[in-house]
Amino acid sequence: MDVGQPVEVPGPPRDEQLLTGLARLGQAVRMSAWRNAGPYGLTPLQADILTFLAGDDRPRRQGEVVAALASTAPTVSDAMRALTGKGLVGKARDAADARAFVLTLTDAGREEAARLSVVPEPLRAAVAALDPGDLAAMLRGAATMMRELQERRAIPISRMCVTCRFYRPDAHPEDPERPHHCMFADAPFGDGELRLDCPDHEPA
Ligand code: SF4
C-alpha cells in the first residue's frame, strides 16, 4: 500500500451524510421544544411565535408571523388564538390601518419568551462539545446553506450577516481570527461570531 496516498473510504456520499446529520439535529431541536413546553403547555409553534414577537418587541401583523415562520394563515391563527387565551399575546387595532390588527406580547408573554431564550439541556451540552474551530465552521456552513435556500425561496428570509448591508466579508485579511467587519457596530469579527438572526440586520 502507498502510504503517501489518501485512502478512499467506501460509503454513502458526504452530502447525504450531512443532510442525515442535519435532519437528526432538527429532530433534536423539535423534541427539545416539546419537552420545554413550560407552565403554559406551549407547542413548538406557539413557542416560535413568542420568540419571534420578542425579537424586536414591536407590534406585528399576523401576516408577518406567517411569513417569518413559513407557516400557513389558519395554523398561525389557531396558535395565536391559543396564545391570546393563555394571556401571553395581546391584540390591538393597528394605528396605521384601523381595519387591521397588530399582536404584541403581554408581560406574561415577555416572561415566557425570556424563559424560552435559555437553551435547554442537552442542546446546550451538545453545542458546548464543539471546539471553537468546529463551531465557526458550522456557523459559516449554516449561513451559506441558509442563503442558498433563501435565494431559492425554500425558507423564509433570516436576518443573517451574509445578507446584511453592514457586512463586509474578509475586510481584514491580515487578521485570520477576525477577518470580517460589521459596519453597524464598526467592529471586526470572525466566523465564530457570524449572526444568523441579528436585530440590527438590514437587507443588502
Ligand atoms: S448588523 Fe448584525 S447582521 Fe448586520 S453585519 Fe452587523 S452583526 Fe451582522
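Predicted model: local features only at pLDDT ≥ 70, side-chain atom pairs only at ≥ 80, totals over all residues.
## The shell around the ligand

The residues around the ligand include Cys161, Cys164, Cys182, Cys198 and His201; each has a heavy atom within 4 Å of it.

Local features need pLDDT of at least 70 and side-chain atom pairs 80 or more, while totals for chains, interfaces and linings use all residues. Numbering runs from 1 along each chain as its sequence is written, and side-chain values use heavy atoms, without hydrogens and water.

## The pocket

The ligand sits in the second largest pocket, meaning that more than half of its atoms lie within 2 Å of the pocket's grid points. A pocket is an open set of points on a 1 Å grid over the protein atoms alone, where a 1.4 Å probe fits, with protein on both sides within 12 Å along at least five of seven lines; lining residues have an atom within 4 Å of a point.

This pocket holds about 240 Å³ of space, a volume filled by probe spheres set on the points, which are joined across faces, edges and corners. Its lining has 15 residues, and among those closest to its centre are Cys161, Cys182 and Arg195.

## Cysteines

Cys182, at 21%, is partly exposed.

Conventions:
Buried < 20%, exposed > 50% of the residue type's maximum accessible area, 1.4 Å probe, protein only.
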